[in-house]
Amino acid sequence: MPNVLTINGGSSSIRFAIFAAGQSSIRLLRGKMDRIGSDDATLSINHGDNQPPTQIKANGQDHRTAIVFLMDWLEAHPLFATLDAVGHRVVHGMLHTAPERVTTELLDELRGIIPFDPEHLPREIALIEAIRQRHGQLQQVACFDTAFHRSMPRVATQLPIPRRFEAKGVRRYGFHGLSYTFLIEELVRLGDPAATKGRVILAHLGSGASLAAVRDGKSIDTSMGFTPTAGLVMGTRSGDLDPGLMSYLALT
């Protein structure tokens with residue numbers, strides 16, 4: 001049975017897990033590296049749901065040193081040698097939404113849209129490149145956060161600007177989609193009928209935060225828009241601001 005490493009390079013942490021892949025995936029290991037960018041960065045490892053996590057002092061003064069530390073630790077773990085593939089959460093892919101094998105062409109496109117998501121894309125690309133450089137034989141797949149919101153009706157994807165920009169990819173994409181997919185799956189597991197036949201408001205709360213309106217298991221609206229900076233106030237992002245604020249600040 002193939003084993004798969006999944007990595008979520010967030011704005012302030014890196015989460016990962018190793019799964020035995022099959023019709024029903026089995027989690028073998030999970031962990032997270034948080035407080036990246038500070039002197040007290042920590043790597044937490046959990047080998048089982050009934051075991052307390054192991055805390056390891058980590059070198060994570062910035063994201064690049066954190067990636068090197070994490071890769072060194074993963075390579076030393078026996079499960080790493082069993083991996084067949086790596087799946088990455090990628091926050092923004094513009095017109096790329098379905099899971100896609102990582103290629104040089106895809107990476108070039110992702111680098112080109114870094115200005116629209118400078119909080120996440122540089123770190124996610126750095127994780128992908130680190131694995132390519134060290135273990136080029138491993139297949140890598142990008143799973144985009146925007147996929148969940150592809151079901152939104154057109155009225156929810158449009159921005160109040162001339163329609164000609166829509167053809168260039170300027171639209172409301174919505175984010176945190178992998179988180180919302182997990183939440184819906186958990187509601188299904190718990191037997192909540194609203195998960196598939198009903199209306200649900202979901203919240204993703206962390207350094208980045210958003211809300212999603214879900215009907216019959218499908219996203220119909222969300223608080224984030226063209227980039228992950230829109231919507232709610234967040235740890236490192238302002239969220240929506242009144243456009244008139246810029247004029248006021250320029251005059252004061």
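**Notes on the model**

1. R35 is partly exposed, at a relative accessible area of 44%; buried means under 20%, exposed over 50%, and partly exposed in between, with a 1.4 Å probe and protein chains only. The side chain of R35 meets that of D40 in a salt bridge, 3.9 Å from N to O. A salt bridge here is a side-chain nitrogen of Lys or Arg within 4 Å of a carboxyl oxygen of Asp or Glu. D40 is also partly exposed, with a relative accessible area of 40%.

2. On provenance: this is a predicted model, in which local features need pLDDT of at least 70 and side-chain atom pairs count only at pLDDT 80 or more, while totals for chains, interfaces and linings use all residues. Residues are numbered from 1 along each chain as its sequence is written, and side-chain values use heavy atoms, with hydrogens and water left out.

3. The salt-bridge count comes to 11. Side chains of opposite charge can pair when their charged atoms come close. One of the bridges joins D108 and R111, at 2.7 Å from N to O. The two residues, D108 and R111, sit three residues apart in helix α2 (residues 104-112), so about one helical turn separates them. Helices (H or I, at least four residues) and strands (E, at least two) are DSSP runs, numbered from the N terminus. D108 is partly exposed at 44% relative accessible area, and R111 is partly exposed at 33%.

4. D221 forms a salt bridge with R172, with the closest N and O atoms 3.1 Å apart. This pair links distant parts of the chain: D221 is in strand β11 (residues 218-222), R172 is in the loop between α4 (154-157) and α5, and the two are 49 residues apart. D221 is partly exposed, at 32% relative accessible area, whereas R172 counts as buried at 13%. Elsewhere, salt bridges that share partners join K32, D34, R35 and D40 into one network.

5. Which residues lie nearest the centre of the largest pocket? They are N8, R15, L178, S179 and F182, out of 49 lining residues. The volume of the largest pocket is about 1,600 Å³. On a 1 Å grid over the protein atoms alone, a pocket is an open set of points with protein on both sides within 12 Å along at least five of seven lines, a cavity is a set where a 1.4 Å probe fits but cannot get out, and lining residues have an atom within 4 Å of a point. Helix α5 supplies the largest share of this lining, eight residues. By class, the lining of the largest pocket has 19 nonpolar, 21 polar and nine charged residues.

6. There is one cavity of 30 Å³ or more. The largest cavity has a volume of about 50 Å³, a volume being the space filled by probe spheres set on grid points joined across faces, edges and corners. Its lining residues include T157, P162, E166 and R171.

7. L241, L245, Y248 and L249 form a nonpolar surface patch with about 410 Å² of accessible area together. Patches are made of residues with over 30% relative accessible area and no salt bridge; nonpolar side chains (Val, Leu, Ile, Met, Phe, Trp, Tyr) are joined within 5 Å, like charges within 9 Å. Y248 lies in helix α6 (residues 244-251) and is exposed, at 54% relative accessible area.

Terms used. Accessible areas come from the Shrake-Rupley method with a 1.4 Å probe; for residues, only the protein chains shown count as cover. Ala, Val, Leu, Ile, Met, Phe, Trp, Tyr, Cys and Pro count as nonpolar, Asp, Glu, Lys and Arg as charged, and the others, Gly among them, as polar.
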